[in-house]
Amino acid sequence: MKKIQKWMMLFLYSALQWFGGTIWISFASITDSAASYYGKSLEFINLFSLSFLILQLPMAPLSSYFLRKSYHWTMMLAYLVSVVGVWVKVIAQDNFYFSLAGQMLIGSMNSLTLAACSTLTALWFDPSEQTLAVAIASTSNLLGAGCGLILSPYVHSISELMYIQASYTTFFAILNVIFSRKKTPEDCSVVKAEFSKELSVIFKDWYHLALIFFISSGLAIAYALSGVIYQILSPFGVTEDESGWIGFSMYIGAIVGGLLTSLIVHKNKNYINPVRVFAFLSLSGIIIWAASVRYFWGNILGSIISGLGLFGFMPLGIQATVDQNKNIEESIPTNLIFLTAQALSVAYTYPIILFYSWTKLSGLWLSTIFAVLSFCTLMILYCPKLIEKYKQPLIVPQNIIKEDGPPDVDNNYD
């Protein structure tokens, strides 16, 4: 029964991230249709996807706080607010601002729980099982985004799409109420360190922060491309239906890359060569995509390789930053990676869209420039000499991480 329960908890977390992904990206492949429905310009429609990214800024620090208090009740809150959000969008119909408010409720909960995969696996899974569990949990949002891109163009109307999203979100929320369980304090294996001390430690470590920034930059490119994929491709004759399949292909590559790099993390504690390989795949994929943007199958191939490389970087990047300073609880660098990536993706989005009007070249070429700057700098920084020079030794006496024996856990933690 206990074995079934932990996989059920993983399913409930993955379901939350899956439907969050479908809702985040649902207008990316049908921006013209959405603009017509709401009577707004494309710049306004982009706010539906950008709101998820912008909300990461306030929600990331709250995420670490809420998850330390109770994983169980954080998930309950996320499901409840998400259900409210989807039904607000149904009631809103074509009222843009009311609908955007519902979107922001869902986006806030997605951002609150995005980095909870490490908390979930530490609570419910044995160390030998955690790599597989993290791989499934961390790629569920990507699978949702892929499904959102491909589903939207085939639904008859925006109103019908809102009802479909509300239906499956409510269904999963009911399952969460029925099957979710608390973890008792004596069973917990998650370290309860002082949050302010950990933040102080990480913000004094410039090398650690630099790694987080440049690893996040690659992920940010992927977020930006997927959020406005139709606007990037439409000048080259790509239809809404085709852009949905191209975006879906990107996320299929992302899932393969995420699972593959999770396996690498499990088997190999030296990440230098894997990081270089995935940096090369990322650059190659974007260049192939940019060069063949006028051809449907060239778009498919380029998007698959780009997704495999850019999103495949995520598990590698998280583990590399976690290993660099083991005095920091894992959710903090994980949250910082997601926070930085989503903030940078907002900064990248409009220049990528506008690049075609400036140069008559695809915004994918500007993405290539961003990728070269990010990955080349990362390769310079992430080398054996600097890794060893700035690696932080484990501090045992302070209540941050205990090397031997079970960690101290206070009685508040679920």
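**Close-up views of a predicted helical model**

**View 1. Helix H5 passes helix H6 in a left-handed crossing.** A crossing counts as left-handed if the near helix is turned anticlockwise from the far one by less than a right angle, and as right-handed if clockwise; helices here are DSSP runs (H or I, at least four residues), numbered from the N terminus. The model is predicted, and local features need pLDDT of at least 70, while side-chain atom pairs count only at pLDDT 80 or more and totals for chains, interfaces and linings use all residues. Residues are numbered from 1 along each chain as its sequence is written, and side-chain values use heavy atoms, with hydrogens and water left out. The axes of H5 (residues 71–92) and H6 (residues 96–113) come within 7 Å and cross at roughly 160°, an axis being a line fitted to C-alpha atoms over the stretch in contact, with angles running from 0 to 180 degrees between N-to-C directions. That makes H5 roughly antiparallel to H6, a term for angles over 145 degrees. By class, the contact of H5 with H6 has 14 nonpolar, seven polar and one charged residues, where Ala, Val, Leu, Ile, Met, Phe, Trp, Tyr, Cys and Pro count as nonpolar, Asp, Glu, Lys and Arg as charged, and the others, Gly among them, as polar.

**View 2. Leu77 is found in helix H5.** Leu77 is partly exposed, with a relative accessible area of 32%; buried means under 20%, exposed over 50% and partly exposed in between, with a 1.4 Å probe and protein chains only. Although Leu77 and Leu112 are 35 residues apart in sequence, their C-alpha atoms are 9.9 Å apart in space.

**View 3. Helix H1 passes helix H9 in a left-handed crossing.** The axes of H1 (residues 2–24) and H9 (residues 158–179) come within 10 Å, crossing at roughly 160°. The two helices are therefore roughly antiparallel to each other.

**View 4. Helix H7 (residues 117–124) is largely enclosed by the rest of the structure.** Eight of the eight residues of H7 are buried, and these are Cys117, Ser118, Thr119, Leu120, Thr121, Ala122, Leu123 and Trp124.

**View 5. Ser64 lies in helix H4 (residues 56–69).** With a relative accessible area of 4%, Ser64 is buried. Between Ser64 and Ala116 the C-alpha to C-alpha distance is 8.4 Å, with 52 residues separating the pair in sequence.

**View 6. The largest nonpolar core has 127 residues.** Such a core is a set of buried Ala, Val, Leu, Ile, Met, Phe, Trp, Tyr and Cys residues joined through side-chain atoms within 4.5 Å. Phe27, Tyr71, Tyr79, Leu233, Phe311 and Tyr382 touch the most other members. Helix H11 (residues 206–227) gives the most to this core, with 13 residues. At least three residues come from each of domain 1 (1–181) and domain 2 (195–392), the domain bounds being taken from an automatic or database domain assignment.

**View 7. Gln93 and Lys360 are shown in their loops.** Most residues other than glycine have a negative phi. Gln93, in the loop between H5 and H6, has a positive phi of about 55° although it is not a glycine, and it is partly exposed, with a relative accessible area of 30%. Lys360, in the loop between helix H16 (331–359) and helix H17 (363–381), has a positive phi near 65°; Lys360 is exposed, with a relative accessible area of 54%.

Methods
Parallel < 35°, antiparallel > 145°, perpendicular 65-115°, else oblique.
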